[in-house]
Amino acid sequence: MNKIVWILFFGCVTWGIIGCSTEKEIRMELNSGWQFRQRDSGTWLPATVPGTVHTDLRANGKIEDPFYRMNELQLQWIDKKDWEYRTEFTVSEEIGEKVNQRITFTGLDTYADVYLNGEKLGSTDNMFRTWRFDVEGKLKVGRNELHIVFASPTLKGREEMERYGLRLPADNDQSVRGGMGDDRVSVYTRKAPYHYGWDWGPRLVTSGIWRPVILEAWNDVKVEDVFIRQPSVTKEMAQLVAEVCVNSDKQQNVTMAIMNEGKVLLREQKELKKGENKISIPYVIRNPRLWWSNGLGEQNLYDFTIQVTSGGGMVAEKKVTTGLRSLKLVRQKDQWGESFGFELNGVPVFAKGANAIPNDVFLPRVTRDLYEKMVLDAANANMNMIRIWGGGIYEDDAFFEFCDKYGIMVWQDFMFACAMYPGNQEFLDNVRLEAIDNVIRIRNHPSIALWCGNNENALAWRHGAPGGWGWKNAFTKEEQDTVFKAYYTVFHEILPEVVKDYTDGDDYWPSSPMAGPEPDQHGLDGTTSGDQHYWGVWHGFRPLESFDEATTRFCSEYGFQSFPEMSTIETYALPEDYDIESEVMKSHQRSYIGNGRILDYMKMYYRVPDEFEQFIYMTHVLQGLSTKMGIEAHRRNMPYCMGSLIWQINDCWPVASWSTTDYYHKWKAAHYVMRDCFKEVIVASKWEGDTLAIYAVSDRLEEIQGELIIEVLDFQGNSVSLVEKEVNVAANTSTVLWKLNRESLLGGGSEKEMMLVVCLRQGDRVLDEKNAYFVYHKNLNLPEPHFSIQAGEENGEKFIQVSSDKLACNVMFYIPGESIFFSDNYIDIIPGRSYKIKVDTDLSPTQIQERIGVRYVR
C-alpha cells in the first residue's frame with residue numbers, strides 16, 4: 001500500500017491563485033463518467049462530480065426537492081447509508097512515462113476508502129482536507145478504474161462518540177429531526193457543522209466528492225507552492241520574500257527567477273537536493289501599488305511567476321497572485337479599556353460588513369458566478385469585511401479571489417462553532433493537518449485580515465458569564481477538566497501555532513466573542529475590550545434602542561430576522577401554507593422563537609397587518625429598521641467601536657432567517673439599508689429624550705466642511721420649518737453636529753403628522769440624507785398615498801419615475817412572478833419629489849408599467 005502524501009507546509013495548492021503551466025507537467029481533472037449507488041445494492045446511476053449523494057439522487061428522480069415544503073424530513077435515511085462512486089479514465093503513454101504520478105482529492109465528504117484498479121490507496125476522515133495519493137506504479141496505460149466508498153457520516157460519528165466516551169454539547173445539531181435521538185454526533189466528525197442543522201438551516205447530512213479530483217504527472221522538477229511573505233510594506237517600499245517549495249527527482253543546480261508582468265525582478269542560482277526543497281528568495285518592489293479595502297482605494301494586485309530553468313530550458317513554473325499591504329488587528333490600552341480594530345496600510349479602518357454562511361447546503365451547486373454575486377452584493381452595499389463563520393466551510397478559492405478583487409477584508413474562522421470538541425490525539429492531529437492545509441491554501445490572499453479559532457465556544461462554556469449557555473453544569477469536575485483541556489489545546493495551542501508557522505505574522509483570535517485571550521477573559525463579551533456578539537436585540541427581546549445602550553469595541557455579530565419575499569416563499573410553499581403557524585412555514589423557520597419574536601417586535605414599532613403578503617413585507621421593513629439602528633449606533637460610537645458585522649448576508653436554503661439577501665441572493669430591505677448606512681459619510685440622528693442629536697460619521701481621511709440642513713415636513717409635503725448650519729465633519733471618526741429640541745422642531749404641530757429630513761451637503765453635492773420621525777410608525781397618522789409610476793428606457797437602461805401625492809413609507813416595488821432588481825427599494829416617497837429608479841429586467845417598459853406593484857407601511 002502506498003503511503004498517503006499529506007499536505008504539509010510543502011504541499012501544493014492545486015487550484016485557485018496558483019496554477020501549473022509547463023509542458024513537462026500534465027494535469028487533468030477526473031470529472032466525467034462517474035456513477036454511484038447505495039453500497040452493494042441497486043443499479044449504478046449517473047453521478048455528477050463534484051457533487052453530493054443528495055443532488056445525484058435528485059437528478060436521477062429518486063428523491064423529491066429537499067427544500068420543497070417538508071421533504072427534508074423524508075430524506076433523513078440518506079445519511080444512514082453507505083454510498084459508493086466509480087469512474088473509468090484513460091491514461092496516455094505520455095502520462096505513463098512520467099516518473100511522478102499522483103491523484104489529488106481536493107474534497108471528499110467525509111469518511112471514504114479510495115481504490116485504484118482494485119487496490120486500496122487509503123482512507124479519509126476529514127471533509128476540509130486535501131488528500132494526495134502517490135499512484136506511480138499503480139496507474140496503467142489505458143483503462144483505469146477509480147472507486148470510492150463513503151461510510152455513513154452519522155453512524156460513523158456515533159461510533160466516534162461512543163469511542164470517546166463523553167457526550168459533548170452541540171446545541172445546534174438537530175439530532176432528533178435526523179432520527180438520531182439525543183446523539184449529537186456532529187462534533188466527533190470533521191465535517192461542515194451546519195449540515196447537521198442550525199437555527200437557520202435544514203438537516204441534510206451529505207456525502208460525496210464535493211471538490212475536484214486531479215491527476216498529475218511530471219518529471220524532474222515541480223514547484224509545489226509559492227508563498228509571498230511581506231515582512232514590511234509601505235507606500236515607499238515593499239520588502240518581500242518568495243518562499244518556494246520545489247520537489248526535485250535528483251540533486252541538481254537550477255536557476256530560479258521571479259517575474260512580474262513579463263519582467264524579471266530577480267534571478268538566482270540554487271542547488272536542489274533530491275526530494276523537497278524549501279527556498280527563500282528576498283526581493284524588493286519600490287513604490288508599490290498598495291491593496292486597499294473597498295472605499296479606501298484601489299484593489300491593486302500583483303501576478304508573480306516563479307520560473308525554474310536548467311540547461312537553458314524551463315523545467316517548472318508556478319504563478320501566484322497577491323496584493324501588497326500591511327493589515328493587522330490593533331489592540332491597545334486606552335482610556336476605556338483595550339481597542340479592537342483593524343489597521344490597513346497605517347490607516348484605522350472601521351469594519352463595515354456581515355457574517356457569511358455557506359451559500360448552499362449542497363456545496364458543489366455554488367458556482368463561481370454565485371461567489372461573485374455574493375461578494376459584489378457586499379461591495380455594492382459599501383461593505384469592506386466579511387466574516388466566514390466557523391460552522392460552515394473554508395470557502396473555495398473563488399470567494400477569496402473576488403474578495404481580493406472587490407476589496408472585502410476577510411475575518412476567517414476555523415471550522416468550529418457552538419460546541420465542544422474531542423481531545424484524543426487522533427482528533428487533534430487531524431485538526432492540525434486540516435488547519436495547515438487551509439492556511440496554506442488561502443494565505444496569499446491580501447483580503448485575509450484575521451484568523452479566529454471558533455464561534456461562541458468559549459462563551460457557551462464559561463460558567464456564570466453573561467449569555468453563557470451553562471454547558472459546564474452538565475459535567476463533573478473531572479469531566480470539565482477533560483473537556484476544557486481539549487478546548488485549550490485546539491484553540492490556544494494548535495491553531496495559533498499553525499497561524500504563526502505558516503503565515504506572515506497574521507493575527508489570531510482564539511474565539512469570537514471574547515474580551516481577550518487570557519484565561520479569565522475567555523467567553524466574556526467585548527464591552528470594553530475584544531469583540532462582542534450582541535443579541536440583546538432578538539434573543540434578549542430588548543428594544544431596538546438598546547443598540548445605543550450596549551457598549552462594544554467591535555460588534556462581530558448582531559441581527560434581526562425576516563421572511564424571504566413572496567417570490568421565494570412560492571418556491572417552497574403552497575397557498576394553503578401561507579400562514580406563519582402552518583407546518584411548512586414553521587419548518588422553514590428554524591429559530592424556535594422566530595415567528596413569535598418577529599410578531600412581538602412588530603407590535604412595538606408598527607401596526608401588524610392581517611393579510612399574509614403584507615405581513616411578509618412588513619417583516620422586511622422591521623428588519624431594515626433594526627439594521628439601521630444597529631449600524632448607526634456602532635458608527636456613532638467610533639472610535640470606541642471599530643466594527644459592525646451584521647448576522648448574516650446570505651442563506652443556504654429558502655428560509656426565514658437573519659439574512660439580508662435570501663437563498664436566491666435577492667436583496668431584502670436590510671441590504672438596501674446597509675448600503676445606505678455603510679456609506680463613506682453618513683448623518684445618523686437619534687432621539688435623546690426630547691432632544692434630537694445629529695451625528696455625522698466619516699470614513700474620509702480629511703476633514704469635511706459642509707452644510708447641515710434640517711427640514712420639517714407634514715405628510716402632504718408642506719415645509720413647516722427649515723434650519724441650516726455650517727458644520728465641520730472630522731476625518732475618520734464620529735462627530736456631533738447639532739442638538740435640537742423636539743418642541744422647537746414641531747412648532748406646535750402634531751408629532752404624529754410630521755417628519756424630518758436631515759441633509760448634509762458639501763457644496764452642490766448631497767453627502768447623505770436621512771428621514772426621521774417624532775414617534776414610532778405605529779403611532780403615525782399616515783395618509784393613503786396615490787402613486788404616479790412611469791416606466792421608461794434611456795441608453796439601454798430601464799427605469800421607473802415615481803412620485804406620490806402624500807407621504808408613503810418604505811415603499812417596496814415588485815413585479816409578481818419576476819426576479820427583478822430595483823436600484824432603490826423600500827424607500828420613503830416624499831410628496832413633491834420625483835424618484836428615478838433603475839430596473840434590471842428583460843421586461844419592456846410597457847410590461848413594467850402594466851405589472852409593477854407597490855407595498856407600503858399602512
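Which helix gives the most residues to the lining of the largest pocket? The model examined here is predicted: local features need pLDDT of at least 70, side-chain atom pairs count only at pLDDT 80 or more, and totals for chains, interfaces and linings use all residues. Residues are numbered from 1 along each chain as its sequence is written, and side-chain values use heavy atoms, with hydrogens and water left out.

The largest pocket holds about 1,400 Å³ of space (the volume filled by probe spheres set on the points, which are joined across faces, edges and corners). It is lined by 42 residues, and Lys-628, Lys-770, Asn-771, Ala-772 and Asp-828 are the closest to its centre. Helix H13 (612-636) and strand S41 (765-773) are among the elements that give two or more residues to this lining. H13 gives the most, with seven. Helices (H or I, at least four residues) and strands (E, at least two) are DSSP runs, numbered from the N terminus.

The second largest pocket holds about 1,100 Å³. Its lining has 37 residues, with Asn-172, Asp-199, Trp-469, His-539 and Tyr-592 closest to the centre.

Elsewhere, strands S22 (residues 302-310) and S23 (residues 313-322) pair in the antiparallel sense over nine bridges (pairing requires at least two DSSP bridges). Val-308 stands opposite Ala-316 in S23. Two residues lie between the strands of this hairpin, where Gly-311 takes a positive phi near 65°.

Notes
1 Å grid on protein atoms, 1.4 Å probe; cavity = no way out; pocket = protein on both sides within 12 Å on 5 of 7 lines; lining within 4 Å.
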